[in-house]
Amino acid sequence: MLDAAQPIVETDVPAPTAAQAMPAIMSAVTQILLALGEDPGREGLLDTPQRVARMYLEIFSGLREDPRTHLATQFCADRHEDIVVVKDINFFSMCEHHLLPFFVRAHVAYLPKDGRLAGLSKIARVVQTLSRRPQLQERFSSQIADTVWSALQPKGVLVMVEAEHLCMAMRGVRSPQSVTLTVVSRGELEANERLRAEAFRLLKG
């Protein structure tokens with residue numbers, strides 16, 4: 001679990017600029033096409049290395065962003081102390097094992113402390129930032145929980161992530177529509193069975 005001072009970033013490797021990254025990715029994509037026996041110079045593939053490079057820069061843009069910045073603005077005036085639930089947050093991420101997408105539906109519940117609340121859209125922004133990295137579903141779920149736990153310092157957090165992985169649907173076992181479910185909890189939503197059951201009821205309801 002992360003403390004309040006530790007940034008939630010994926011890597012300590014210095015970030016290349018877009019100008020540095022574009023030609024490197026384009027060259028790598030060209031080499032892949034050549035290795036597959038394709039002609040990178042034919043009409044349909046001529047701009048593919050550039051398209052792929054631009055796509056990667058977009059879909060991996062959360063790699064060095066700290067998702068807690070989205071929770072910096074907080075509201076305390078209403079002194080709300082009951083469970084807050086944000087359900088059906090839909091994004092995709094990229095499995096780091098095969099660089100294939102997995103489609104995510106995330107649900108986040110937290111129990112505020114001292115009435116500290118975040119804007120509901122900001123929880124979705126946290127999920128979006130963390131999804132824009134090479135990911136594992138298990139790590140992704142933990143990072144969402146750790147971000148809320150660290151930034152809002154609530155009494156408890158519970159995160160449920162449902163995902164369909166194209167690396168299972170397209171290759172290997174080739175099992176489309178299989179869903180993987182992960183659950184991560186912190187604080188009272190981990191230790192207090194009554195509150196945990198209530199959070200699950202709200203998430204599933």
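In this predicted model, the count of disulfides comes to zero. Cys167 is in no disulfide, for the nearest cysteine sulfur, that of Cys95, lies 4.1 Å away. Cys167 counts as buried, at 11% relative accessibility, while Cys76 is partly exposed, with a relative accessible area of 32%.

| Residue | Relative accessible area | Class |
|---|---|---|
| Asp66 | 17% | buried |
| Cys76 | 32% | partly exposed |
| Cys167 | 11% | buried |

Asp66 belongs to the loop between helix H2 (48-59) and strand E1 (74-75). This residue is classed as buried because its relative accessible area of 17% is under the 20% limit. A polar atom of the Asp66 side chain lies 3.0 Å from the backbone nitrogen of Arg68.

The largest nonpolar core has 31 residues, of which Leu71, Tyr110, Ile123, Ile144 and Val148 touch the most other members. Two or more residues of this core come from each of strand E2 (84-95), strand E3 (100-111), strand E4 (117-118), helix H3 (120-131), helix H4 (137-152), strand E6 (156-165) and helix H5 (166-169). Leaving aside residues up to four places away in sequence, Val148 touches Leu71, Val108, Tyr110, Ile123, Gln153, Pro154 and Val157. Another core lies apart from this one and has 10 residues, including Met160, Leu189, Leu195 and Phe200. In soluble globular proteins, nonpolar side chains tend to be buried together.

The largest pocket holds about 300 Å³ of space. Its lining is made up of 14 residues, and those closest to the pocket centre are Pro16, Leu57, Phe60, Leu63 and Arg64. Helix H1 (18-35) and H2 each supply at least two lining residues, and H1 gives the most, with three.

As for the chain as a whole, seven helices and seven strands are present. From the N terminus on, these elements follow the order α-α-β-β-β-β-α-β-α-β-α-β-α-α. The C-alpha atoms fill a box of roughly 60 × 40 × 25 Å along the principal axes. Of the 205 residues, 42% count as buried. Among contacts between residues at least 6 apart in sequence, 73% join residues at least 24 apart.

Conventions: Residues numbered from 1 in each chain as written. Predicted model: local features only at pLDDT ≥ 70, side-chain atom pairs only at ≥ 80, totals over all residues. Heavy atoms only, no water. Helix = DSSP H or I, 4+ residues; strand = E, 2+ residues; numbered from the N terminus. Buried < 20%, exposed > 50% of the residue type's maximum accessible area, 1.4 Å probe, protein only. Polar contact = N/O pair within 3.5 Å; in protein donor to acceptor, adjacent residues only side chain to side chain. Core = buried A, V, L, I, M, F, W, Y, C linked by side-chain atoms within 4.5 Å. Contact = heavy atoms within 4.5 Å. Disulfide = S-S within 2.5 Å. 1 Å grid on protein atoms, 1.4 Å probe; cavity = no way out; pocket = protein on both sides within 12 Å on 5 of 7 lines; lining within 4 Å. Points joined across faces, edges and corners; volume = space filled by probe spheres on them.
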